[in-house]
Amino acid sequence: MLATIKTTLDSRQKKFLSFFPHTLFCYIHDSSDKSPVIHSEALQLERQQQGYGIFFTVNRFTGSKRTNETLTNINGFFADIEYPDKVNKTPAAVKQYKQDLLMEMMEDELPIPTYVIETKNGFHVYWLLEAPVFLNGLNPKQQDDLKLQYRQIEEAILTRFDGDPGAKDAARVLRVPGTLHQKDPKDPFEVKIAHASPDECTYTFDYIREAFLKKPAPAGWALVVGENPINDDVKNEIEKVYPKLERDSYKKLFSKEPVPEGMRNKALLVAAHAAKEAGWGFEQTCSHFIDYQGLGLREVRKTIRSAFD
């Protein structure tokens, strides 16, 4: 075995878990769907010896049950981001994707993550609150509004960073750093802390909501969908007679002919918007432009996402 099962966490990993008081630990077998899912308020690292992955709840629940009804307080927001290209996946490609993603999150105009945890194929990213938001001080309508807002913010975060769209509910569990990912028992991976922000910066609920639910126009967007005096009916008729994807200029973009230096992202944005109008889906477009003009996979998907948002 290339990685060793730990019987205790180190000080950094313990400090990370201290941001989630009274968390509910969840034990899910990594390679057998026949083994029961186990919940416990105690951290039992020895379960890794039986092939279990060790997870925890970001938010707090009561009664050892993680449901919408047993949610007691919100501790923070998260994103589960994995390497998206299952067909051309290689260790080198995954490593490069992680590097590009981490750099993007550090340079982005959005709040810097409190923690970034490296998983085998990506990252678990956290924006933690400076103080938990407790539901017991809210009336039923306020509680429902809070849960709805939480889900909307999670969806915005996942859209922005191309995260797992299924990982957005408050009851989601994520892997504990310092434990093993053992889906391939012959190639286990130790989940580790890749980044801790200076002074473990934390945020208010309102700050995160304002940061992620605002949707400013992406740079260069006007080049694609700028104001046009031709109304939609006229444009639709033109599209029927002269489909974009059959025009020579668009054929060049879709054939990935070289474009001038400094124009790669703009050319991709125009092509992606045309693909969207032609009925292509996001993943279909990403697959077609996967190695566009030497851009990294992370940059390609980010640019195409701008056209589809």
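Predicted model: local features only at pLDDT ≥ 70, side-chain atom pairs only at ≥ 80, totals over all residues.

Visitor: How many bridges join S6 to S11?
Guide: 4 bridges join them, and the two strands run antiparallel. Strands are DSSP E runs of at least two residues, helices are H or I runs of at least four, both numbered from the N terminus. Two strands pair if DSSP finds at least two bridges between them.

Visitor: What stands opposite glutamate 118 in S11?
Guide: Lysine 192.

Visitor: Are the faces of S6 covered or open?
Guide: Both are covered. Tyr115 and Ile117 on one side, Val116 and Glu118 on the other, are all buried (under 20% relative accessible area, 1.4 Å probe, protein chains only).

Visitor: What joins S6 to S7?
Guide: A hairpin, through 3 residues. The two pair in the antiparallel sense over 4 bridges.

Visitor: And the strand order in the sheet?
Guide: S4-S5-S7-S6-S11, an open sheet with antiparallel pairing. S4 and S11 are the edge strands.

Visitor: Switching to H4. Which residues are buried?
Guide: Phe205, Ile208, Ala211 and Phe212. Seen down the axis of H4, they fall within an arc of 135° (directions from the axis to the C-beta atoms), so they line one face.

Visitor: What covers them?
Guide: The cover includes S5, S7 and H3.

How values were computed
Residues numbered from 1 in each chain as written. Heavy atoms only, no water. Buried < 20%, exposed > 50% of the residue type's maximum accessible area, 1.4 Å probe, protein only. Contact = heavy atoms within 4.5 Å.
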